Amino acid sequence: MNVLELKDVTKKYGGFTAVENVSLELEPGKVLSLLGPSGCGKTTTLRIIAGFAAPDGGTVQIAGEDVGQLKPYERNVGLLFQDYALFPHMTVAQNVAYGMRYRGTPAAAIPSRVKQMLSLVQLAGMEARYPSQLSGGQQQRVALARALATDPKIVLLDEPLSALDAKLRLELRIELKEILRSVGATTIVVTHDQEEALSLGDEVVIMHAGKIVQRGAPTQIYQSPASKLVAEFVGRSNWFQATRGSSSIAGFTSYVTSDGVEIRAKSPPSDRDGRVNLCVRPEHIELMDSAVTEAPRDADHNSIAGVVLDVASLGPDVHVVVELPGKARFLAIRKNVRKIPGLAPGQCVRVLFSASDVLVF
Amino acid sequence: MTAARSKLMLLLPAVAVFVLFLVFPILMVLNESFHTFEPGRIGSVEGGPLTLANYEELFQPVYAQYFAQTYVLAICSSAISIIFAFPIAYCIARTEFAWIQKASISAIVGLMFLSSLVRVYALELTFGSVGVLAPLMSIMDINTNSRLYINFVILAGLLQYSIPMSILILIGAIKNLNPRLTEAALSLGASALAAHITVTIPLSIRGIVSAFLVSMTLGVSAFVIPLILGRGRILFISNLIYSRFSEIANYPSGAAISIVMMVLALLLILVMSRLATSLERA
């Protein structure tokens, strides 16, 4: 049975539709990421599930029970807030114990459960501290322990890592995933951070303007985005407006961009009016010095001449901006490893990428 | 001149004004309170001996009655105004609509501008012995001339000040509270009432204490309200001080009563802030 089922949930604020006909279901123990830009309705969806906002239409079921009429405290939903919302006047132990008092944990069992939760989040021994005496990462763990302590049917995480600095974010993301898996929590993560969404979620739901635009496994979302919108939102891309050219070889169609560059791509399943948007991910691109003789091309390959404009080394990756004919700019991301020879601005290069890696919308 | 010294120099004018117009006059009152009074004179005997008689006199039961009368009503009005002001302030502070917030704050501030004399006579016209509600009171067998009834009318007069003042103070305190804290409590299973008792109220205890103290100040120092609504049967300490100074010109006694009131006020602040600190960490 699904732990959570939303059916055609709609929420309006005045004339603004925040959430429109959103349907979702979630199996026990799964982690679902709700990803979208700010204002896409993901937080409203979360607030509807938690009971802080009442939907104008549709139904919400938790563990098979329609919770539409239930107050937030009558639904057993664990919530982790973006700013943690720890009670500043209570100790760590009191914070973690707070929910148990109301969710029917016998008073005698509370101290041992608090201990258990705090060791789960690696904060054993911190019981007597106040939230103000903890670091951001520690506060986040206390908030997680507090949310999980009542053994909620669903755990809702609202931008769980966004208040942390980049390095800590990565560490806590891995830890968060482990903790959620170890307690088998059915979880919804709401975030605008695609890395967070793709790494935490077993499945990712992309929302835009109040609607779900795609749902799928993280790799599927990235590799086969359902629309231009999803492709734009997830990952970096080079975009070209193009029209269908004359040739079509071995299942590949040739397109001509508005700057006159020829790019081969997979033929789209249904042929539209011939105007398309082509998307090339920067990490699918190989750059080769023009002086090096080119291997013979097969139908799958694109090869475009360009000039290096800028090279930026960002640690593990090197971002290279190449100017193509017609002044179009192209971003290529290469690994920062010794075996790939460096490039310098002004250098003439060939931009190589497989036609099957080109996304057509 | 060092930066710290020039900062101190900048403070000097303000400190001078404070000392000249506040500290110095109070010291004069303190000085007067230790002087001897002879009936028939205006003020103390010049060059007379210093004495504690003005303070000793206050231990007579008749004075205790004045103090009890004043403090009981002031404490009642402060407590009642917190009880009424908190939910109103909470709604105003947490409303989704900015215009509701602005309109209510303007209305409350506007209310405070109304002259105390007008408010007091408005109450007298409504609840007084010849007020419009007097027939209703007599039907309900309520004696509008009883001491208890007059106490209630004075209490109503005090609440007219303390409720709006408390609302304004509490709005500030509640607005400083992260609304997510209440939501966190609700999501953890606390009912709305439990969330208020365990989270909202403890975290706004400083504001509650401030509102209580300001209401107490208004209540204890009330002058016009008991003067008119008390109909001479109930008098506050302020009325007593006034009569000492103006009617019988016993300055030393009036000064001694004033000093006692000031000491009581300081004690109250001390106790309340201790209480707030202990409640915050409860």
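How many bridges join strand S4 (residues 57-62) of chain A to S5(A)? Point 2 takes this up.

1. This is a predicted model: local features need pLDDT of at least 70, side-chain atom pairs count only at pLDDT 80 or more, and totals for chains, interfaces and linings use all residues. Residues are numbered from 1 along each chain as its sequence is written, with chains lettered from A and ligands numbered from 1 in the order in which they are written.

2. Two bridges join S4(A) to S5(A), and the two run antiparallel. Ile62(A) stands opposite Glu65(A) in S5(A). Strands are DSSP runs of E, at least two residues, and helices runs of H or I, at least four, numbered from the N terminus. Strands pair if DSSP finds at least two bridges between them.

3. The open sheet of chain A has four strands, ordered S2-S1-S4-S5, with antiparallel pairing. S2 (16-26) and S5 (65-66) of chain A each have a single partner strand, so one side of each is left without a neighbour in the sheet.

4. Chain B has 13 helices and zero strands. Its C-alpha trace spans about 75 × 70 × 35 Å along the principal axes. Of its 282 residues, 31% are buried (20 or more other C-beta atoms within 10 Å of the residue's own, with C-beta atoms placed from the backbone).

5. The contact takes 17 residues from chain B and 18 from chain A (contact: C-beta atoms, placed from the backbone, within 7 Å). On the chain B side, H8 (179-187) and H9 (192-203) are the elements that give two or more residues. H8(B) supplies the largest share, six residues.

Key:
Buried ≥ 20, exposed ≤ 12 C-beta atoms within 10 Å, placed from the backbone. Contact = placed C-beta atoms within 7 Å.
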